[in-house]
Amino acid sequence: VFEIDYNVTLPKIMLRVDLHRWWLPMPTFKNRSIVSLEGDFDHFFGLFVERDFEIEALQIFTPDLMEKLRHEWNKFNLEFSNDTVYIYANRVISKREDLIKMYGLAQHLVKKLAPVVKRMESSVVSMRHRLG
């Protein structure tokens with residue numbers, strides 16, 4: 001598991017590799033919905049989000065990020081919870097190459113998502129207060 005702390009309030013989101021495998025982890029948050037992704041990404045990933053935060057999820061999981069996830073980092077799940085993003089694999093990472101890929105994904109998320117989540121923080125906080 002790799003952990004990135006953003007120090008901003010994030011929507012509860014889980015991007016899971018291969019939506020159709022029943023044995024993969026499911027999100028633990030309540031009121032979840034599945035967001036349909038552009039193109040054929042739904043064939044490769046399941047994007048779960050806390051209801052009413054679908055737009056924020058799509059602001060994060062843009063087609064360019066999804067393309068990179070599909071081709072470079074297709075072995076990793078992502079979970080957004082409170083102010084932290086978790087990256088984890090469905091199996092034990094025993095090869096250096098896989099660990100380097102996980103680290104590359106973390107670097108990309110830090111660089112790409114930091115400005116996005118900072119911009120959306122006020123709307124996420126407002127929605128959380130409104131929803132109770």
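**Reading the model, one feature at a time**

Guide: Proline 11 is buried, with a relative accessible area of 0%; buried means under 20% relative accessible area, exposed over 50%, and partly exposed in between, using a 1.4 Å probe and protein chains only. Before we go on: this is a predicted model, where local features need pLDDT of at least 70 and side-chain atom pairs count only at pLDDT 80 or more, while totals for chains, interfaces and linings use all residues. Residues are numbered from 1 along each chain as its sequence is written, and side-chain values use heavy atoms, with hydrogens and water left out.

Visitor: Where is proline 11 found, and which residues is it in contact with?
Guide: Contact means heavy atoms within 4.5 Å. Proline 11 is in the loop between strand E1 (2–5) and E2. Setting aside neighbours within four places in sequence, proline 11 contacts Phe53, Glu56, Ile60, Phe80, Met120, Val124 and Arg128.

Visitor: How many helices and strands does the chain have, and in what order do the elements run?
Guide: Helices (H or I, at least four residues) and strands (E, at least two) are DSSP runs, numbered from the N terminus. Here you get three helices and six strands, and from the N terminus on the order is β-β-β-β-α-α-β-β-α.

Visitor: What does the radius of gyration say about this chain?
Guide: The radius is taken over C-alpha atoms, and the globule rule is 2.2 Å times the number of residues to the power 0.38. For 132 residues, a compact globule would come out near 14 Å, and the chain has 14 Å, which agrees. Along the principal axes, the C-alpha atoms fill a box of roughly 45 × 30 × 25 Å.

Visitor: What percentage of the residues count as buried, and how much of the contact set is between residues 24 or more positions apart?
Guide: Of the 132 residues, 42% count as buried. Among contacts with a separation of 6 or more, 65% are between residues 24 or more positions apart.

Visitor: What about the accessible surface of the chain?
Guide: Accessible areas come from the Shrake-Rupley method with a 1.4 Å probe; for residues, only the protein chains shown count as cover. The total for the chain is about 7,600 Å², with 53% of that belonging to carbon and sulfur atoms.

Visitor: And how many positive and negative side chains are there?
Guide: Lys and Arg count as positive and Asp and Glu as negative, with His and the chain ends not counted; each charge is placed at NZ of Lys, CZ of Arg, CG of Asp or CD of Glu. The chain has 19 positive and 18 negative side chains, and the centres of the two sets lie 3 Å apart.

Visitor: Which residues of helix H2 are buried?
Guide: In H2 (residues 63–71) they are Leu65, Met66 and Leu69. They cover an arc of only 100° around the axis, so they sit on the same side of H2; the arc is that of the directions from the helix axis to the C-beta atoms. The partners that these buried residues pack against are strand E2 (13–17), E4, helix H1 (54–60), strand E5 (76–81) and helix H3 (96–131).

Visitor: What does leucine 65 touch?
Guide: Not counting residues up to four places away in sequence, leucine 65 touches Ile60, His108, Leu109 and Lys112. Its relative accessible area is 0%, so leucine 65 is buried.

Visitor: How should I read phi?
Guide: Most residues other than glycine have a negative phi. Asparagine 31, in the loop between E2 and E3, has a positive one near 50°. Asparagine 31 is exposed, at 53% relative accessible area. Aspartate 52, in the loop between E4 and H1, also isn't a glycine and has a positive phi of about 80°. Aspartate 52 is partly exposed, at 39%.

Visitor: Is glutamate 50 buried or exposed?
Guide: Buried, at 15% relative accessibility. Glutamate 50 is in strand E4 and, leaving out residues up to four places away in sequence, touches Lys12, Phe29, Lys30, Asn31, Arg32 and Arg128.

Visitor: Where does phenylalanine 44 lie?
Guide: In the loop between strand E3 (32–35) and strand E4 (45–50). With a relative accessible area of 32%, phenylalanine 44 is partly exposed. Beyond its neighbours within four places in sequence, phenylalanine 44 is in contact with Arg16, Val17, Asp18 and Arg70.
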